[in-house]
Amino acid sequence: FPVTIRQAIVEKLKELSREFTTIKQERLFLNWEEIKEMGNHKITFGSHSHRHHNMTELSEAHIDDEITNSYQALKSQDVKAVKAFCYPGGYFNQTTQESLAARKVKFAITCQREAIKASALCPTLLGRTHIHQDITHSIPLFVFRIWGPRAEDAGLTWRQNDL
């Protein structure tokens, strides 16, 4: 789906969740003071974009803005950023890689499994496991996410008729 449709769906889901649930959502992100404190203890931060868009859907100018603005936000808060970039959702393409290379970003991180397998061919592309509260909110789910099998890794495929 295009970005505008996905954004509309997310907004509708947020609206429905407020209407039909009384579960209080805990804060999920760090604030600037926590980031600065972690930085004082040798924890480093890289960029994850400015607005968290799928960068493969953006124009070259918007990709440049996402990268530039994200590093400027870190700098404006006196956070020393490392030259690493984590692709939102893991999505990247040749244009995004070229934009990062032009800024001398040393490493780009993805969670796309095919890219992780191919990363041996591109030493600046690093793999990671996609971790989110909704899929890892308990120790067993977290362990399964890290170590558990995936249907496609086992050669299994799902057909629409199987559902």
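Modeller: One is Phe85 with Tyr87, at 5.5 Å centre to centre and 75° between the planes. Bear in mind that this is a predicted model, where local features need pLDDT of at least 70 and side-chain atom pairs count only at pLDDT 80 or more, while totals for chains, interfaces and linings use all residues. Residues are numbered from 1 along each chain as its sequence is written, and side-chain values use heavy atoms, with hydrogens and water left out.

Colleague: Why is the pair of Phe85 and Tyr87 called edge-to-face?

Modeller: The centres are 5.5 Å apart, and the angle between the planes is 75°. The distance is within 6.5 Å and the angle is over 60, so the pair is edge-to-face.

Colleague: And what makes Tyr87 and Phe92 a stacked pair?

Modeller: Here the centres are 5.2 Å apart and the planes 25° apart. That angle is under 30 degrees, so the pair counts as stacked. Ring pairs join Phe85, Tyr87 and Phe92 into a cluster.

Colleague: Which residues touch the most other members of the largest nonpolar core?

Modeller: Ile67, Tyr71, Phe85, Tyr87 and Leu100, in a core of 14 residues. H3 gives the most to this core, with 4 residues. A nonpolar core here is a set of buried Ala, Val, Leu, Ile, Met, Phe, Trp, Tyr and Cys residues joined through side-chain atoms within 4.5 Å. In soluble globular proteins, nonpolar side chains tend to be buried together.

Colleague: What does Leu100 touch?

Modeller: Leaving out residues up to four places away in sequence, Leu100 touches Ile67, Phe85, Tyr87, Val105 and Ala108. A contact means heavy atoms within 4.5 Å.

Colleague: Why is Lys83 said to lie over the face of Tyr71?

Modeller: The rule asks for NZ of Lys or CZ of Arg within 6 Å of the ring centre and within 35 degrees of the ring normal. Lys83 lies over the face of Tyr71, at 5.5 Å from the ring centre, so the distance is within the 6 Å limit.

Colleague: What makes Glu57 and Arg6 a salt bridge?

Modeller: A salt bridge needs a side-chain nitrogen of Lys or Arg within 4 Å of a carboxyl oxygen of Asp or Glu. For Glu57 and Arg6 the closest N and O atoms are 2.7 Å apart, so the pair qualifies. The pair links distant parts of the chain, 51 residues apart: Glu57 is in the loop between strand E1 (45-47) and helix H3 (60-76), and Arg6 is in helix H1 (residues 3-20). Helices (H or I, at least four residues) and strands (E, at least two) are DSSP runs, numbered from the N terminus. Glu57 is partly exposed at 37%, and Arg6 is partly exposed at 30%.

Colleague: Why is Lys36 with Glu33 a salt bridge?

Modeller: The closest N and O atoms are 3.9 Å apart, which is within 4 Å, so the pair counts. Both residues lie in helix H2 (residues 32-39), 3 residues apart, about one turn of the helix. Lys36, at 26%, is partly exposed, whereas Glu33, at 55%, is exposed.

Colleague: How many salt bridges does the structure hold?

Modeller: The structure holds 4. Among them is Asp64 with Arg103, whose closest N and O atoms are 3.4 Å apart. That pair also links distant parts of the chain: Asp64 sits in helix H3 and Arg103 in the loop between helix H4 (94-102) and strand E3 (107-110), 39 residues apart. Asp64 is partly exposed at 25%, as is Arg103 at 24%.

Colleague: And what is the secondary structure of the chain?

Modeller: The chain has 6 helices and 4 strands, running α-α-β-α-β-α-β-α-β-α from the N terminus. Buried residues make up 21% of its 163 residues.

Conventions
Rings of Phe, Tyr and Trp (its six-membered ring) pair if their centres lie within 6.5 Å; planes under 30 degrees apart count as stacked, over 60 as edge-to-face and the rest as tilted. Buried means under 20% relative accessible area, exposed over 50%, partly exposed in between (1.4 Å probe, protein chains only).
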